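Here is a protein model to go through by question and answer. Each label is set against the rule behind it.

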Amino acid sequence: MRIRPLEARDGEALFGPRIRYAAQEWVDRQGRDEIYVAVAEVDGLPVARVGLSFTNAAEDVAVLWAAHVEPEWQSQGIGTALMAHLEQVARDRGFSIIELLVAKDNDRARALYDRLGYELCGEAVNRWVEQDEHRAETFEEICWRMRKPLDE
């Protein structure tokens with residue numbers, strides 16, 4: 001497995017049709033150093049992604065978002081490897097805390113974050129837009145806010 005930055009060519013593999021529009025936007029934001037999106041690649045195939053935000057974070061808090069591992073690649077250590085990679089990126093950029101949201105009904109992801117040392121610190125509502133050529137639709141989910149200190 002190789003972890004690398006998101007590229008425009010990853011849109012087809014890692015973004016469903018209704019969020020594919022976001023792939024190029026994320027690549028552009030990554031180019032402006034506002035975010036970093038890590039992609040896990042196995043034998044040349046992109047199989048997972050997780051974003052790390054630097055600009056919409058509190059002064060000393062980096063924010064993880066949009067974690068996704070293709071279903072057939074789950075439970076193979078890919079999510080754990082991506083999280084460790086992004087935690088190191090956050091450390092290297094001087095952040096001392098990393099934070100994320102996880103849907104309250106996503107027990108599988110919550111178990112991963114618990115295992116990796118993230119602790120509950122509140123609740124939040126996560127909102128996103130999905131769109132196609134006919135319409136845009138806003139979704140929201142109630143989430144746990146979790147955080148982890150990035151000890152050296």
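Q: What makes a residue count as exposed, and why does Asp43 get that label?
A: Exposed means over 50% relative accessible area. Asp43 has 80% relative accessibility, so Asp43 counts as exposed. This is a predicted model, and the value is computed from it. Asp43 lies in the loop between β2 and β3. Its phi is near 50°, a positive value in a residue other than glycine.

Q: Why is Ser75 called exposed?
A: The cut-off is again over 50%. Ser75 stands at 68% relative accessibility, so Ser75 passes. Ser75 lies in the loop between β4 and α3. Its phi, near 65°, is positive although the residue is not a glycine.

Q: Why is Val69 called buried?
A: Buried means under 20% relative accessible area. Val69 has 18%, so Val69 counts as buried. Val69 sits in strand β4. Leaving out residues up to four places away in sequence, Val69 touches Val47, Ala48, Gln74 and Gly79. Val69 is also the bridge partner of Ala48.

Q: How do you know that β3 and β4 are paired?
A: Two strands pair if there are at least two bridges between them. Five bridges join β3 (residues 45-53) to β4, so these strands pair. The two run antiparallel.

Q: Why are β1 and β6 called edge strands?
A: Seven strands form an open sheet in the order β1-β2-β3-β4-β5-β7-β6, with mixed pairing. β1 (2-5) and β6 (119-131) stand at the edges, each with a single partner strand, so one side of each has no neighbour in the sheet. From one strand to the next, the twist averages 30°.

Q: What makes β6 and β7 a pair?
A: The requirement is at least two bridges. β6 and β7 have 12 bridges between them, so they pair. Their sense is antiparallel. A hairpin of four residues joins β6 to β7. One of the bridges links Glu119 to its partner in β7, Arg147.

Q: Why is Glu99 called buried?
A: Glu99 has a relative accessible area of 8%, and the limit is under 20%, so Glu99 is buried. Glu99 lies in strand β5. Its contacts include Val61, Val63, Cys121 and Arg145, with residues up to four places away in sequence not counted.

Q: How do you know that Glu99 and Arg147 make a polar contact?
A: A polar contact needs a pair of N or O atoms within 3.5 Å, one able to donate a hydrogen and the other to accept it. The side chains of Glu99 and Arg147 make such a contact at 2.7 Å, so the pair is inside the limit.

Q: Why are the buried residues of α4 said to line one face?
A: The buried residues of α4 (residues 107-115) are Ala109, Leu112 and Tyr113. Seen down the helix axis, they fall within an arc of 95°, so they line one face of α4. The face turned away from the buried side carries the exposed residues Asp107 and Arg115. Among the elements covering the buried residues are β4 (61-69), α3 (78-92), β5 (97-103) and β7 (136-149). Just after α4, Gly117 takes a positive phi of about 95°.

Q: Why are the buried residues of α2 placed on the same side?
A: Helix α2 (residues 21-31) has Ala22, Ala23, Trp26, Val27, Arg29 and Gln30 as its buried residues. They cover an arc of only 165° around the axis, which puts them on the same side of α2. Their cover includes β1, α1 (11-14), β2, β3 and β4.

Q: What makes a set of residues a nonpolar core, and which residues have the most contacts inside the largest one?
A: The members must be buried nonpolar residues of the listed types, joined through side-chain atoms within 4.5 Å. The largest core has 29 residues. Leu52, Leu64, Ile98, Leu100, Tyr113 and Tyr118 have the most contacts inside it. β2 (35-42), β3, β4, α3, β5 and α4 each supply at least two residues of this core. Its largest share, six residues, comes from α3. Apart from this core lies another, of 10 residues, among them Ala23, Trp26, Val27 and Val37.

Technical notes:
Residues numbered from 1 in each chain as written. Predicted model: local features only at pLDDT ≥ 70, side-chain atom pairs only at ≥ 80, totals over all residues. Heavy atoms only, no water. Buried < 20%, exposed > 50% of the residue type's maximum accessible area, 1.4 Å probe, protein only. Arc of directions from axis to C-beta. Contact = heavy atoms within 4.5 Å. Axes fitted to C-alpha atoms, helices over the stretch in contact; angles between N-to-C directions.
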